[in-house]
Amino acid sequence: MPAGVVPMVRIQRQDFDIAAEIGRLTEGRTDVGAVVTFSGLCRDEAGALAALELEHYPGMAEAEIARIAEEALGRWPLMGLSAIHRFGKIAPGENIVLVVAASAHRQVAFEAASFLMDYLKSRAPFWKKEHRVDGSEGNWVDAKDADDQAAARWNSSR
Amino acid sequence: MTKLVYFAWVRERIGKPEEEVFLPSTVETVADLLLWLKARGEEYENALQYPEVIRVAIDHEHVDHREKIAGAREIALFPPMTGG
């Protein structure tokens with residue numbers, strides 16, 4: 001792992017500023033050649049969804065994402081890595097999660113951001129509950145096998 | 001005493017976010033804990049009907065159901081995660 005790269009992990013209720021988070025990894029340096037950002041947003045599910053309620057396990061959420069980020073830093077030569085996950089009630093169109101990976105070259109940044117998201121989805125202790133537009137009791141979102149499979153592919157490919 | 005914490009539909013079905021319990025010495029593993037809890041009442045039976053789907057963390061780290069729970073300060077029970 002490159003010396004001195006410390007992942008930044010934040011769990012917060014408020015929104016984040018993507019440009020500011022990119023700047024945090026690139027300002028004052030000239031060696032970064034690639035920054036990949038992924039942001040996940042709340043969908044309205046064809047107009048049926050009023051909001052998602054994001055519940056999390058305080059303490060473990062930070063710790064688990066930090067463990068995943070450290071794993072990414074061990075696998076790829078990154079120059080910076082950030083992850084922000086929101087909690088609370090989030091309306092369609094709003095941000096839920098952000099990953100920013102900085103490196104000298106794009107492939108490393110793409111792969112690290114993808115890895116972090118795949119692992120975050122299957123291991124970070126967050127749960128989504130739906131609030132429906134029609135006021136009916138919303139369901140807890142079911143975990144998808146596809147997300148576990150997406151995380152598992154990183155074990156076989158490297 | 002051991003602190004148990006619950007999240008998402010496990011919390012809703014059990015009807016409380018956390019509790020302190022005194023675990024009998026026969027409860028050695030996570031699997032034992034789930035069976036013991038399930039027998040504590042209707043709400044626990046309802047939450048833990050399919051214990052194999054319940055995910056467990058000890059002191060903020062994921063563990064599997066064979067893990068020994070001796071020395072655990074906080075044990076969390078929750079459904080598969082849906083963040084991101």
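In chain B, B:Leu4 sits across from B:Ile75 of β5(B). The model you are looking at is predicted, so local features need pLDDT of at least 70 and side-chain atom pairs count only at pLDDT 80 or more, while totals for chains, interfaces and linings use all residues. Residues are numbered from 1 along each chain as its sequence is written, and chains are lettered from A and ligands numbered from 1 in the order in which they are written.

Strand β1 (residues 2–6) of chain B and strand β5 (residues 74–78) of chain B run parallel and are joined by four bridges. Here strands are DSSP runs of E with at least two residues, helices are runs of H or I with at least four, and both are numbered from the N terminus. Another facing pair is B:Val5 and B:Ala76, the latter in β5(B).

Strand β3 (residues 55–58) of chain B also has four bridges to β5(B), but this pair runs antiparallel. Within it, B:Ile58 has B:Ile75 of β5(B) as its bridge partner.

## The whole sheet

Two strands count as paired if DSSP finds at least two bridges between them.

Is β5(B) mostly covered or open? Four of its five residues are buried, so it is mostly covered. Buried means that 20 or more other C-beta atoms, placed from the backbone, lie within 10 Å of a residue's own.

## A:Phe115 in chain A

Over in chain A, A:Phe115 belongs to helix α3 (residues 106–123). A:Phe115 is buried because 23 other C-beta atoms lie within 10 Å. Leaving out residues up to four places away in sequence, A:Phe115 touches A:Ala72 and A:Trp154. Contact means C-beta atoms, placed from the backbone, within 7 Å. The C-alpha atoms of A:Phe115 and A:Ala69 are 9.2 Å apart, although 46 residues separate the two along the chain.

## Where the chains meet

Between the chains, 21 residues of chain A are in contact with 14 residues of chain B. On the chain A side, α2 (60–75), α3 and β7 (126–132) each give two or more residues, and α3(A) provides the largest share, with five residues.

Terms used. Buried ≥ 20, exposed ≤ 12 C-beta atoms within 10 Å, placed from the backbone. Contact = placed C-beta atoms within 7 Å.
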